[in-house]
Amino acid sequence: MPGVTMNKVVKRYGDVQVIHGIDLKIEDGEFCVFVGPSGCGKSTLLRMVAGLEETTEGEMFIGDRNVTKLDPSDRCVSMVFQTYALYPHMTVKENMGFGLKMNGHPKAEIEEKVAEASRILKLDEYLARKPAALSGGQRQRVSIGRAIVRGPDVFLFDEPLSNLDAELRVEMRVEIARLHKEIGATMIYVTHDQVEAMTLADKIVVLRLGNIEQVGAPMDLYRDPDNKFVAGFIGSPAMNFMNGTVADGGVEVPNLQMTVPVPIAAAYKGYAVSAGLRPEHLTIDRSGTSMKVEMTESLGGISYAYLIGATGERIIIEERGDERVSEGETVGLSFEPERLYLFDAKTEQRIRG
Ligand code: ADP
Ligand code: MG
């Protein structure tokens with residue numbers, strides 16, 4: 001299965017540039033997720049791979065084929081959309097086989113490929129039904145089946161689960177992961193949901209305003225973000241940020257009324273930083289008094305406490321176990337100093353010691 005390579009790709013609509021020269025290599029058989037907030041250019045970049053949007057500048061390769069100027073139908077890609085775009089008057093079986101039929105493939109071959117896709121997606125008992133008689137999840141499985149039947153080099157997914165309810169979304173997410181394991185094809189998957197990105201991806205590409213902020217394996221982005229944007233985007237609930245100043249022997253964080261003893265080069269002394277701590281790395285210190293508990297939310301196995309510190313900056317902590325704080329309590333916080341992430345307050349780039 002060929003991978004995808006982008007060399008300095010740019011997209012402009014008239015005078016408005018929305019993709020700013022992206023370099024990216026997606027390996028053979030890799031599951032690559034484009035993630036970022038709405039409007040950051042995920043769909044545009046995906047549609048440029050598909051050929052549904054023209055690439056204004058730069059080059060796009062699938063394997064070693066330069067596809068930059070090719071029509072979508074010549075690129076050997078299949079796309080699955082958020083809206084399933086099935087033909088309402090055709091059965092599941094006809095919908096899945098339609099692309100091959102239009103291209104004049106023999107009936108026996110179509111039968112065989114539809115049967116294979118149907119087996120993979122567990123659609124056998126629905127083959128004779130029309131889309132109206134299917135649930136949302138089943139319809140999306142049919143549209144994925146239609147992509148499989150075409151046997152593309154690269155599968156492209158644009159927020160395929162966004163129209164499904166929460167429970168079905170989790171179920172389909174697992175199915176898509178299984179599908180990737182089974183067929184091993186190169187897949188590019190667009191989502192604004194960082195949980196989908198974390199759980200599905202071999203490689204995550206974090207996009208913002210038409211630029212790549214960081215590329216990496218999910219846990220690498222979580223553990224070692226390059227900047228405040230990625231740190232805040234990956235992980236749920238999001239990382240807490242507080243203003244701080246580099247001082248002797250560490251970083252002074254007024255909201256916590258403490259100087260966190262972290263190693264940092266002397267050259268940074270007096271530097272304004274944004275200090276980041278993940279909710280799951282914080283625990284309550286009942287002997288302390290630096291924070292007030294504003295609100296709590298219990299989800300059962302875990303709960304979230306919303307705390308306000310000395311400067312009024314709000315932070316969230318995650319609690320497990322039986323003993324949990326209550327609204328109105330005054331408590332302290334404890335954490336391992338090495339869990340503190342530092343970002344330049346101005347550039348928002350990570351400061352690594
Ligand atoms: P995402 O999928 O990440 O939500 P899009 O790729 O759809 O974002 O859009 C990226 C940017 O490009 C947005 O600012 C959007 O307004 C702009 N855009 C998308 N399509 C067009 C178009 N046809 N004409 C002008 N601007 C567009
Ligand atoms: Mg989009």
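Predicted model: local features only at pLDDT ≥ 70, side-chain atom pairs only at ≥ 80, totals over all residues.

Tutor: Residues are numbered from 1 along each chain as its sequence is written, chains are lettered from A and ligands numbered from 1 in the order in which they are written, and side-chain values use heavy atoms, with hydrogens and water left out.

Student: How many helices and strands are there in the protein?

Tutor: The protein has eight helices and 21 strands. Both are DSSP runs, numbered from the N terminus: helices are H or I with at least four residues, strands are E with at least two. The C-alpha trace spans about 75 × 45 × 35 Å along its principal axes.

Student: What makes S1 and S2 antiparallel partners?

Tutor: Two strands pair if DSSP finds at least two bridges between them. S1 and S2 are joined by eight bridges and run antiparallel, so they pair by that rule. Val 4 stands opposite Ile 26 in S2. The two strands form a hairpin with two residues between them. Gly 14, in the turn, has a positive phi of about 60°.

Student: How do you know that S4 pairs with S1 and with S5?

Tutor: Count the bridges again. S1 and S4 have five, in the antiparallel sense. Glu 57 in S4 is the bridge partner of Val 10. S4 (residues 57–62) and S5 have two bridges, also antiparallel. Phe 61 stands opposite Asn 66 in S5.

Student: What order do the strands of this open sheet take?

Tutor: The order is S2-S1-S4-S5, four strands with antiparallel pairing. S2 (16–26) and S5 (65–66) are at the edges because each has a single partner strand, which leaves one side of each without a neighbour in the sheet.

Student: Which helix lies across S1, S2 and S4?

Tutor: Helix H1 (residues 42–50) does, running at about 115° to S1 (4–13). Axes here are lines fitted to C-alpha atoms, for helices over the stretch in contact, and angles run from 0 to 180 degrees between N-to-C directions.

Student: What is the order in the open sheet of six strands?

Tutor: The order is S13-S12-S11-S14-S20-S21, with antiparallel pairing. S13 (258–260) and S21 (350–351) are its edges, since each has a single partner strand and so one side without a neighbour in the sheet. S11 (residues 240–247) and S12 (residues 250–253) run antiparallel and share three bridges. Ala 247 has Gly 250 as its bridge partner in S12.

Student: Why is S18 called largely enclosed?

Tutor: Buried means under 20% relative accessible area, exposed over 50%, partly exposed in between (1.4 Å probe, protein chains only). Five of the seven residues of S18 (residues 314–320) are buried, so the strand is largely enclosed by the rest of the structure. S17 (residues 302–308) pairs with S18 over seven bridges, in the antiparallel sense. Tyr 304 stands opposite Glu 318 in S18.

Student: Why does Ser 118 count as buried?

Tutor: Its relative accessibility is 0%, so Ser 118 counts as buried. Ser 118 lies in helix H3. Not counting residues up to four places away in sequence, Ser 118 touches Met 96, Leu 123, Asp 124 and Leu 127. A contact means heavy atoms within 4.5 Å. Across the protein, 49% of the 353 residues are buried.

Student: What makes a space a pocket?

Tutor: On a 1 Å grid over the protein atoms alone, a pocket is an open set of points with protein on both sides within 12 Å along at least five of seven lines; a cavity is a set where a 1.4 Å probe fits but cannot get out. Lining residues have an atom within 4 Å of a point. Volume is the space filled by probe spheres set on the points, which are joined across faces, edges and corners.

Student: Which residues lie nearest the centre of the largest pocket?

Tutor: They are Ser 73, Val 77, Ser 78, Met 79 and Arg 150, out of 24 lining residues. The largest pocket holds about 600 Å³ of space. H2 gives the largest share of its lining, four residues.

Student: What is the volume of the second largest pocket?

Tutor: The volume is about 270 Å³. H2 again gives the most to the lining, with five residues.
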